[in-house]
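Hi,

Here is the structure I promised to pass on. Have a look at it first, and then read my notes below.

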Amino acid sequence: TILNLNLAVFLMLPVPGFDGGDILMMLLPPKFIWKIGRYLQYISMAMILLILFGPLRAVLNYATAGVTGLIVNAAYALTSFIG
């Protein structure tokens, strides 16, 4: 389950090609999307490299820990009502 959680957080990052990137592109004005469109491949590769080898790894770990904490607290609250 931790692997699935890591994957979910990773895919929601605002990197073009990931689900979070698709959401970001829907929120941006069309003029900006047209200008950035030709650089999407390079932006995606740079973000992945920063996550794997750079400072964004700490951000990913922090986000995963936060989501894990929320899920554990929700599960604890639900089970306290049951028994």
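Ile2 is partly exposed, because its relative accessible area is 47% (buried means under 20%, exposed over 50%, and partly exposed in between, with a 1.4 Å probe and protein chains only). Before you read on: this is a predicted model, where local features need pLDDT of at least 70 and side-chain atom pairs count only at pLDDT 80 or more, while totals for chains, interfaces and linings use all residues. Residues are numbered from 1 along each chain as its sequence is written, and side-chain values use heavy atoms, with hydrogens and water left out.

Back to Ile2, which sits in helix α1 (residues 2-11). Helices here are DSSP runs of H or I with at least four residues, numbered from the N terminus. Along the sequence, Ile2 and Thr64 are 62 residues apart, yet from C-alpha to C-alpha the gap in space is 8.8 Å.

Now for how two of the helices meet. α1 packs with helix α5 (residues 56-82) at an angle of about 120°, and their axes are 9 Å apart. The axes are lines fitted to C-alpha atoms, for helices over the stretch in contact, and the angles run from 0 to 180 degrees between N-to-C directions. So α1 and α5 are oblique to each other (under 35 degrees is roughly parallel, over 145 roughly antiparallel, 65 to 115 roughly perpendicular, and the rest oblique).

Val67 belongs to α5, and with a relative accessible area of 29% it is partly exposed. Val67 and Ala8 are 59 residues apart in sequence, with 9.9 Å between their C-alpha atoms.

Helix α4 (residues 40-53) holds Met45, another partly exposed residue, at 49% relative accessibility. Between the C-alpha atoms of Met45 and Gly17 there are 10.0 Å, and the two residues are 28 apart along the chain.

Which residues make up the nonpolar patch on the surface? They are Met12, Ile23, Met26 and Leu27, and together they have about 460 Å² of accessible area. Patches take residues with over 30% relative accessible area and no salt bridge, joining like charges within 9 Å and nonpolar side chains (Val, Leu, Ile, Met, Phe, Trp, Tyr) within 5 Å. A salt bridge needs a side-chain nitrogen of Lys or Arg within 4 Å of a carboxyl oxygen of Asp or Glu, and accessible areas come from the Shrake-Rupley method with a 1.4 Å probe, where for residues only the protein chains shown count as cover. Leu27 is in helix α2 (residues 19-27) and is exposed, at 68% relative accessible area.

Cheers
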